[in-house]
Amino acid sequence: MSNISLWKASDEYFQLCEELYNSADENGVVDAEIFENMIAAKETFEGKAVACAMVHRQLEKDIADVDIELDRLNRIKESLKSKKESLAKNLADACIKTGTESIKGIYANISFRNNPPKVVIDDEKAIPYDYIREKITYEADKKRIKEAIQRGEIVSGAHIESTRSIQIK
């Protein structure tokens, strides 16, 4: 396979296809040399395309591997957070049990501080309505919009669009 890029190979193939089409005489006979060059360019392009597909496939595998590693690291992170919280609780309990308010050390200082008061909801259903905040969200109903447009209705601010995506298997 030649050492040119996919884009250059596709341009070369396309140009040779145009040249071949333009070289045809009134009987449809084409220039043999252009035809042979076009076949070679097509093979080069297809080889480059398959190579790109193989890289794409490898990238998919790499992404899956990274997802697995992220899950593993997140489990480790959660475990470390849990250990940290447990250690802090045990330390606080021990200090409270012994009546110790502060410790000054070479590597760490330990002390208690008063946090600002916070509201604790014991039973959300028992809260009076005056203290309930309404949370409303709106979003476009794409399914209904699509159905309406397909029936011929005009929905301002929306349209149906067909796209294509490459599939690499």
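Reader: Which hand has the crossing of α1 and α2?

Author: A crossing is left-handed if the near helix is turned anticlockwise from the far one by less than a right angle, and right-handed if clockwise. The crossing of α1 and α2 is left-handed. Helices (H or I, at least four residues) and strands (E, at least two) are DSSP runs, numbered from the N terminus. This is a predicted model, in which local features need pLDDT of at least 70 and side-chain atom pairs count only at pLDDT 80 or more, while totals for chains, interfaces and linings use all residues. Residues are numbered from 1 along each chain as its sequence is written, and side-chain values use heavy atoms, with hydrogens and water left out.

Reader: How is such a pair of helices described?

Author: Two packed helices are described by the angle between their axes and the distance between the axes. Axes are lines fitted to C-alpha atoms, for helices over the stretch in contact, and angles run from 0 to 180 degrees between N-to-C directions. Here the axes of α1 and α2 cross at roughly 155° and come within 8 Å. α1 is therefore roughly antiparallel to α2, a term for angles over 145 degrees.

Reader: Which residues make up the largest nonpolar core?

Author: In soluble globular proteins, nonpolar side chains tend to be buried together. A nonpolar core is a set of buried Ala, Val, Leu, Ile, Met, Phe, Trp, Tyr and Cys residues joined through side-chain atoms within 4.5 Å; buried means under 20% relative accessible area, exposed over 50%, partly exposed in between (1.4 Å probe, protein chains only). The largest one has five residues: Leu16, Leu20, Ile34, Met38 and Ala41. At least two come from each of α1 (6–23) and α2 (32–98), and α2 gives the most, with three.

Reader: With which residues is Ala41 in contact, beyond its neighbours within four places in sequence?

Author: Contact means heavy atoms within 4.5 Å. Ala41 touches Glu12, Tyr13 and Leu16 in this way.

Reader: Is Leu87 buried or exposed?

Author: Leu87, in helix α2, is exposed, at 60% relative accessibility.

Note on methods. Parallel < 35°, antiparallel > 145°, perpendicular 65-115°, else oblique.
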